[in-house]
Amino acid sequence: MEQNLDQLVKELSKLPKETPGVEFKRNNCDPQMIGRDISALANSATLLDKSHAYMIWGVDDQTHDILGTTVNLSLEKKGNQELENWLHSLLSNNAQFELHHFQIEGKEIDLLVIERAQLFPVSFEKVDYIRVGSYTKPLHDHKSIESRLWVKLHNNKFENEIALQDVNPTVIFNLLRIDLYFDMLHIPQPSDMEATLHYLKEDRIVLLQDNGLYSITNLGVILFAKNLDKFPHLSRKALRMVKYEGLNKYTIEKEFLMNEGYAVGFEQAVQMLSMMLPSKEEVNSPLLKLTELFPIPAIREAVANALIHQDFLVTGAGPVIEIFANRVEITNPGEPLVDIYRIIDNPPKSRNEKLASLMRRLDMCEELGRGWDRMVISCELQQSPAPRIVVYEESTKVVVFAKLEYNNMPLEDKLWSLYLHACVMFVQGNAVSNSTVRKRFGLKESSAAVASRLIKQAVEKGIIKPVDIEASQKHIKYIPAWS
């Protein structure tokens, strides 16, 4: 926050009184007082959902008149140590602040810009402080405030963080597809700039700063950026798509990078993906006809899930789609938040709640938890193996397969497909039978023994169980083992 400092001070001076996030001083620069106030103001900023708090020297704390000061913290010392270094040595390591000295109409102003507390409260000399009205108090003396602060700290999400600050509305419109925001929400875009910005502030795409300028949030960038390269710390989150020749990664045929925000580029990426997917020409058709080898709805859902549920805090990695002749692998940073064996029936859970909510309103996805149901059913309709989930230390891969004859499926994929079939049937109020298994895998009625053998293997593995163990072999049905 190097610019508009004079405007910032003037705006803050208009406050009717000091707030938990703003402290006015004239000439008092006692080091102990400053250390306690940095702790208190940083913690208060988090409580107030503010990115910064401020200590201002040169403004009267009663009248808020700009009078000037003799203080210059960058020149102050505590003993033989520079004050800034001394403060850092006694503050917790999550304390971040900047010193600024400048003039307003010839009057000296000293400004301390303090970043909000993150992960845990900011402490001074191992004590956490908070602002109560215009007073600095130990946090442990105010248990209800302490509880609310910890809730805020735990809920501090990637989407809320600032991607770019100190920008005016013109820059916002230059960097983000604001028109698309209104188009996708089916809302007429106001002709008035302030009315337009009202919507963006309500969805926390942009935030109004204390100096009258704006910040663009990570949420705004990751969805509506015209070019992610303009935001270096987010550029690696661009969706990358690679098509390989054959079954391995030896030769790359095509490569595509969705360098826009997800809302901007998603449909184009899905269209590009459809064009890259292998297909089969129907030789017996009188007209040229191509048959899709892959369950497209399953792939679309998997891609949307990868974008929504990725862990943005995993650095140096982003969502990747890799296309092979027989499979599509969709990988995203972060591990699943639910047990993969309960992926069908568990309530939906997202580590990026604001992103998921806004993408739902933009009709890019849904939050009803039906994504995996639809993926599994899509694969069943095409009689391809169910999507495979592979969990690594810091990433998750979903593998969607092309149509594959039962006899060519690995046993592992047969059992996993049967298990997910049982899960989908169960949440629909039904159960698995020999006939549903045959239908699921495209087996003929004469292959009842084949279906029975697979069911028996699934029971022995402990992933499904009989509904009624007393039922006759012909009428016995099965449900997931956890039910």
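How many nonpolar, polar and charged residues does the lining of the largest cavity have? The tour below leads to the reply.

The structure is a predicted model, in which local features need pLDDT of at least 70, side-chain atom pairs count only at pLDDT 80 or more, and totals for chains, interfaces and linings use all residues. Residues are numbered from 1 along each chain as its sequence is written, and side-chain values use heavy atoms, with hydrogens and water left out.

A cavity is a set of points, on a 1 Å grid over the protein atoms alone, where a 1.4 Å probe fits but cannot get out; lining residues have an atom within 4 Å of a point. Points are joined across faces, edges and corners, and a volume is the space filled by probe spheres set on them. Two cavities of 30 Å³ or more are counted.

**First stop.** Select L239, M241, F266, A269, V270, L273, I299, R300, V303 and I321, which line the largest cavity. Its space is about 40 Å³. Next, colour β13 (239-244), α9 (262-276) and α10 (296-309), each of which supplies at least two lining residues; helices (H or I, at least four residues) and strands (E, at least two) are DSSP runs, numbered from the N terminus. The largest share, four residues, comes from α9. By class, this lining has nine nonpolar, no polar and one charged residues; Ala, Val, Leu, Ile, Met, Phe, Trp, Tyr, Cys and Pro count as nonpolar, Asp, Glu, Lys and Arg as charged, and the others, Gly among them, as polar.

**Second stop.** Select V270, L273, S274, L277, I296, I299 and R300 to show the lining of the second largest cavity, whose volume is about 30 Å³. Here α9 and α10 each supply at least two residues. This lining divides into five nonpolar, one polar and one charged.

Key: On a 1 Å grid over the protein atoms alone, a cavity is a set of points where a 1.4 Å probe fits but cannot get out, and a pocket is an open set with protein on both sides within 12 Å along at least five of seven lines; lining residues have an atom within 4 Å of a point.
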